[in-house]
Amino acid sequence: MSSLSLDGVTVERGGRPVAKDVTLDVPAGKVTALLGPNGAGKSSLVLAIGGVLRPSAGTVTADGAELRGRRPEKIRAAGVAIVPEGRRLLPDLTVEENLRVATYALSRKDAAAGRERALELFPRLAERRSVATRSLSGGEQQMVVLAQALVSGPKFIVIDELSLGLAPVIVNRLIPVIRSITESGIGVLLIEQFATVALGLADGAYVMEGGVIRYSGTAAELKGNPEMLRSAYLLRGSEAPAGDAAATAIEAIAETEAGAAE
């Protein structure tokens, strides 16, 4: 099966490993969740997949083709698109112009087709294509970032912190889009600090803590077992939020799914 795969990947920053011997698989047409608390090493792993950081060990492959050591634009051309944390847009440019920037390496025909394909997934952006992105809401800006990743027709898309800074009602509007992406055959690696959205969408799940994968299995098993979720997150002492972290996560999942069904 077509997949984006990491095998024994170690990523170092400042001379120390922040992701250690990470192995995971993202099948085409499915959502794979990568969960974990702040500081777990998830974002560094995203930068390594995207070519911004070079792994010090291991392999990153897409459909068997080695990506480690390639420049970001070469990785994108190989069919892997990255949605980085923080909604990095050109705020003075319009929605349409931001999408054009994302298609600079494509032919005119492919660029036009990619923009229209992305806007079909986001009718709200089609309505606001001439509006400067600085004037958009946080949810709309997240839509633009997702659309930028989709214009090149990737095989796989890595989304870092989809829900960061967004109200639950806005996140619920993005859930059908993620499902539509996978239904088109694209594999999604969804990185989240919290389990709320990810486990409601994902088929497979990994939990990362201290740079190491602590859980690997199905999302359903992790979602349905509060004790396992509590253990997998390893939220102890100063890292633990007030209250029961696992129960809170499970409750939030239920609320998210209920909102998505409305």
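Leaving aside residues up to four places away in sequence, T10 touches P17, A19, K20, D21, P55, S56 and A57. This comes from a predicted model, in which T10 has its place in strand β1. Is T10 buried or exposed? With a relative accessible area of 16%, T10 is buried, because the limit for that class is under 20% relative accessible area.

The strand that holds T10 belongs to an open sheet of four strands, whose order is β2-β1-β4-β5 and whose pairing is antiparallel. At the edges of this sheet stand β2 (16-27) and β5 (65-66), each of which pairs on one side only. Strand β1, made of residues 3-13, pairs with β2 in the antiparallel sense over eight bridges, and E12 stands opposite P17 in β2. Helix α1 packs on the sheet, where it touches β1 and β2, and the direction of α1 makes about 115° with that of β1. As a general point, strands of a sheet pair through backbone hydrogen bonds, in either a parallel or an antiparallel manner.

Helix α1 also has a part in the largest pocket, being one of the elements that each supply at least two residues of its lining. The space in this pocket comes to about 780 Å³. The pocket is lined by 31 residues, of which P72, R76, I82, A102 and Y104 are the closest to its centre.

Which element gives the most to the lining of the largest pocket? That element is α2, with five residues. By residue class, the lining of the largest pocket divides into 21 nonpolar, seven polar and three charged residues.

Of its 262 residues, 48% count as buried, and T10, with its relative accessible area of 16%, is one of the buried residues. Among the contacts in the protein chain with a separation of 6 or more, residues 24 or more positions apart account for 68%.

Definitions and conventions:
Residues numbered from 1 in each chain as written. Predicted model: local features only at pLDDT ≥ 70, side-chain atom pairs only at ≥ 80, totals over all residues. Heavy atoms only, no water. 1 Å grid on protein atoms, 1.4 Å probe; cavity = no way out; pocket = protein on both sides within 12 Å on 5 of 7 lines; lining within 4 Å. Points joined across faces, edges and corners; volume = space filled by probe spheres on them. Nonpolar A, V, L, I, M, F, W, Y, C, P; charged D, E, K, R; others polar. Pairing = 2+ DSSP bridges. Contact = heavy atoms within 4.5 Å. Axes fitted to C-alpha atoms, helices over the stretch in contact; angles between N-to-C directions. Buried < 20%, exposed > 50% of the residue type's maximum accessible area, 1.4 Å probe, protein only.
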